[in-house]
Structures are given as structure tokens and as C-alpha cells.
Amino acid sequence: MIQLDQLCWKVAGRTVLEDVTVSIPANTYAVLMGSTGCGKTTLLEILCGLRLPTSGRVVLDGVDVTQLEPRERGIGYVPQDLAMFPGLRVREQIGFAPRLRGVPQDELNERVNRLAEQFGIAPLLDRLPDMLSGGEKQRVALARALAAQPKLLLLDEPLSALDESMRAEAVSLLQRVQSEHSLTVLHVTHSSSEAAALGHLHLRMNAGRLEVESKA
């Protein structure tokens, strides 16, 4: 479960997030919409520990993680640019986080191969990022985010690089991933059709404040 308690973030005298308070139940697919620059990405970065809030708390599964390092939070994060490591092959991209955490090599290989099969990227394991299409990069980024076996997955416009013909397939993939891995997901999007297809809980950011629009 995600619990945000009166979260605020200010920079250079400007309030970006103001008293953000919301509960997202475990195993919920939540979608977050709002205009460009309204604070959606900032909220994700605070959740995963890349920024510290000016005030307020981030509580995950009953644990206050506000001051914890990103690696201590049990979160998978797919940023909007996907953040591929340019010199690493796909198998190294997927195995990056579990390798840092000391997962034994045999277990690491099994985990990478299993995720590669699930995401249909097994034939790509020895490719570098510049040899991948936009859709392939998206699948690699999702597999990499899940390799550390997080309970919470944060997605920042994960389908924005895909053309319309690929989006329906990607939406089905995200639905399946959320269900099979029993994930709590917070997915930022500008697409109302994407939000309608995926969201159990619909949120909107407006001038730094968070509103609950609807629940499925």
C-alpha cells in the first residue's frame, strides 16, 4: 500500500507539490493524469527516493520510507526516457539491480531468462540499446524494473514512445504484468484511453494538489 501524508515539495520559492495526501491499496493499478509541469514526475521521484520532500511522509506497506535510499524501498521505476545504460547489453540491463544486491549468478541468470521470456525479448539478450526499437526498449525497461522483485512499480509515461498500433499490445502487457506479479502500480499518463483501460484508481494532479477522480 502507498500512503502519502501531507507531502510538499518546494524549489526556488515555488510550490510544486502541496499537501498531497492519498492512499493507494495494495495490488491496485492507479493512473495519474495532469497537465505538463504540474508535479507528476516530481511525485514519482519522491516516492522512489530520488528527491526528498520539503515536508510530509511516504509510507509503503506501513513503513515510513521518507528518508530511505532508493535501493531500500523495494520499488521498480521506469522513467519516461527509459534510462537505458548505453554500454550494457539487454541481459546486463535486466540483471543490473539484482547483481548490485548480491543475487547469486545462477539465480540471476534464471531470473533474467524468465523475465526475458515473459516479455518476449529472449532473442534480444545480447543486443545493445541502440539496436532496439522503441517497443523493445520499453519491454527491456519493464523487465529491468521487475528484476529486483519490487512490490511497487512506478511508470512515467511508459507508452509515450509507442505508436498507436503498438499501444493496445502494451496495455495488455501491463495488465498481465500487474496481475502476475501482484504489483501496486502508479502509472503517469496523458492518455485518457490508456487511463480508462488500465486504471482501478484514477488520480489527477492539478496545480500541485492531488485529487481522486474515480475508483473502478
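Four bridges join strand S3 (residues 29–33) to strand S8, and the two strands run parallel. The model is a predicted one, in which local features need pLDDT of at least 70 and side-chain atom pairs count only at pLDDT 80 or more, while totals for chains, interfaces and linings use all residues. Residues are numbered from 1 along each chain as its sequence is written, and side-chain values use heavy atoms, with hydrogens and water left out. Helices (H or I, at least four residues) and strands (E, at least two) are DSSP runs, numbered from the N terminus. Two strands are said to pair if DSSP finds at least two bridges between them.

Five of the five residues of S8 (residues 184–188) are buried, so the strand is largely enclosed by the rest of the structure. Buried means under 20% relative accessible area, exposed means over 50%, and partly exposed lies in between (1.4 Å probe, protein chains only). In a regular strand the side chains alternate between the two faces of the sheet. Both faces of S8 are covered: Thr 184, Leu 186 and Val 188 are buried on one side, and Val 185 and His 187 on the other.

An open sheet of four strands has the order S2-S1-S4-S5, with antiparallel pairing. Its edge strands are S2 and S5 (63–64), each of which pairs on one side only. Strands of a sheet pair through backbone hydrogen bonds, either parallel or antiparallel. S1 (residues 2–11) and S2 (residues 14–24) pair in the antiparallel sense over seven bridges. Trp 9 stands opposite Leu 17 in S2, and Val 11 stands opposite Arg 14 in S2. The hairpin of S1 and S2 has two residues between the strands, and Ala 12 takes a positive phi near 50° there. S1 also pairs with S4 (residues 55–60) in the antiparallel sense, over five bridges. In this pairing, Leu 60 in S4 is the bridge partner of Ile 2. Helix H1 (residues 40–48) lies across S1, S2 and S4 and runs at about 115° to S1. Contact here means heavy atoms within 4.5 Å. The axes are lines fitted to C-alpha atoms, for helices over the stretch in contact, and angles run from 0 to 180 degrees between N-to-C directions.

Side chains of opposite charge can pair when their charged atoms come close. The structure holds 12 salt bridges, a salt bridge being a side-chain nitrogen of Lys or Arg within 4 Å of a carboxyl oxygen of Asp or Glu. One of them joins the side chains of Glu 18 and Arg 209 (3.1 Å, N to O). This pair links distant parts of the chain, with Glu 18 in strand S2 and Arg 209 in strand S10 (residues 209–215), 191 residues apart. Glu 18 is partly exposed, with a relative accessible area of 30%, and Arg 209 is partly exposed at 40%.

Arg 51 forms a salt bridge with Glu 45, and the closest N and O atoms are 2.5 Å apart. Arg 51 counts as partly exposed at 31% relative accessibility, whereas Glu 45 is buried at 16%. A salt bridge also joins the side chains of Glu 107 and Arg 111 (2.8 Å, N to O). Both residues lie in helix H4 (residues 105–118), four residues apart, about one turn of the helix. Glu 107 is partly exposed at 38%, and Arg 111 counts as buried at 7%. Asp 5, Arg 57 and Asp 64 are linked in a network of salt bridges.

The structure holds one aromatic pair. The rings of Phe 85 and Phe 96 have their centres 4.6 Å apart and their planes at 40°, so the pair is tilted. Rings of Phe, Tyr and Trp (its six-membered ring) pair if their centres lie within 6.5 Å; planes under 30 degrees apart count as stacked, over 60 as edge-to-face and the rest as tilted. The pair links distant parts of the chain, 11 residues apart: Phe 85 is in the loop between strand S6 (75–78) and helix H2 (90–94), and Phe 96 is in helix H3 (residues 96–100). Phe 85 counts as partly exposed at 30% relative accessibility, and Phe 96 is partly exposed at 34%. Arg 144 lies over the face of Phe 85, at 5.0 Å from the ring centre. A charge sits over a ring if NZ of Lys or CZ of Arg is within 6 Å of the ring centre and within 35 degrees of the ring normal.
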